[in-house]
Amino acid sequence: MSNIFKIAVLPGDGIGPEVMKQAIKVLEKIQKYIKKKIIIDTYYIGGSAINKFDDPLPKITLNGCEKSDAILLGSVGGPEWDYLPLNKRPEKGSLLKLRKYFNLFVNLRPSFCYKNLSILSPLKEKILNKGFNIICIRELIGGIYFGLNGRKGNGKNEYAFDTETYSRFEIERIAHIAFNIALKRKKKICSIDKANVLQTSILWREVVTEISKKYKSVKLQHMYIDNAVMQLIKNPSQFDVILCPNLFGDIISDQCAVITGSIGNLPSASFNQNYFGLYEPAGGSAPDIAGKNIANPIAQILSLAMLIKFSLKEEKIYIKIKNAIQKILNLGYRTKDLSINNSKEKIVTTDDIGTLIIESI
Ligand code: IPM
Ligand code: MN
């Protein structure tokens, strides 16, 4: 086995480059604790790649990712590119393409409450007091995101369509992942669907139930998406593993993120069958606060931490980084986007948060 570990770094658009800079600082700091020598190569993606190469996912970027052992992504998209046709826009033209290209069908979005950030959560204290620790497992390369779509007709008869398809195979493979994760946690899964209306959901529910028979010690519950989003704000502590089709996972993972206090805290990891991984914050490119050195880099740094845990298999370093983040939050440090004008908070820049975290590692 090679002693070199290559990471393709794709900072992207909006706040991507400035939060990525902090993750790279962390990476440089922890290199000495890691057995393998890490080499990073940076590539353009999304809007910044459109500006430079007229292509949101240039060949050079794709080749770079192929040669790497893992991908660390910032975020893509922004109003500058919203005029483009859907397939050329950063979201579909780069991010979704990249996920599909590497067959990244598993998406993990862990959501837990940082002690001193709960004050930022939109949830009431009596709800938060019960705590929560959820992992949202989202099917990432199927469903309505990748089905047949288009626009047809003219005038008043013009119409648009998106179609959702799920095969038994696609549901089975993500269900197996979810059950195996549940075995290592509280041994319960809540599977999300809309089986009172959608055919794909009926199949989803059937297949997940079938797979559950192979995991007798895991308790399976099914929940309609409309009920699930309500339950998640009423009593998040009831959930542990949430298993979702692509679109429902997109929606519910943002909700999982914001109840922790900020969408800027949530990392994510995506894998294929060989556990090749892409790591990215669950939030977006936040163009409104980009370039001001005020964005919260925690989700990006945690995405790097997930890379270290899952792709480099250095769980202790992952914990070191997580603890360092909790430590600086305990001291009251946060970026302006997290400020609630509390007298105990110390508002610092994106760059300062990065530095404070590496000093605490
Ligand atoms: C996410 C994002 C993406 C998605 C967008 C940017 C295409 O919202 O990772 O959750 O919908 O998957
Ligand atoms: Mn999303």
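At 36% relative accessibility, F53 counts as partly exposed, a class that lies between buried (under 20% relative accessible area) and exposed (over 50%), using a 1.4 Å probe and protein chains only. Welcome to a predicted model, in which local features need pLDDT of at least 70, side-chain atom pairs count only at pLDDT 80 or more, and totals for chains, interfaces and linings use all residues. Residues are numbered from 1 along each chain as its sequence is written, and side-chain values use heavy atoms, leaving out hydrogens and water.

**Aromatic pairs**
- Rings of Phe, Tyr and Trp (its six-membered ring) pair if their centres lie within 6.5 Å; planes under 30 degrees apart are stacked, over 60 edge-to-face, and the rest tilted.
- The count by this rule is 9 aromatic pairs.
- Y44 and F53 have ring centres 5.7 Å apart and planes at 75°, so they form an edge-to-face pair.
- Y44 is partly exposed, at 38% relative accessibility.
- For Y159 and F161, the centres are 6.3 Å apart and the planes at 35°, so this pair is tilted.
- Y159 is partly exposed at 43%, and F161 is partly exposed at 23%.
- One aromatic cluster is formed by F271, Y275, Y279 and F310.

**Charges over rings**
- A charge sits over a ring if NZ of Lys or CZ of Arg is within 6 Å of the ring centre and within 35 degrees of the ring normal.
- K100 lies over the face of F146, 4.7 Å from the ring centre.
- R173 has its charged end over the ring of F105, at 4.2 Å from the centre.

**Helix α4**
- Helices are DSSP runs (H or I, at least four residues), numbered from the N terminus.
- Helix α4 spans residues 90–101, and its buried residues include P90, G93 and L98.

Technical notes
Chains lettered and ligands numbered in written order. Helix = DSSP H or I, 4+ residues; strand = E, 2+ residues; numbered from the N terminus.
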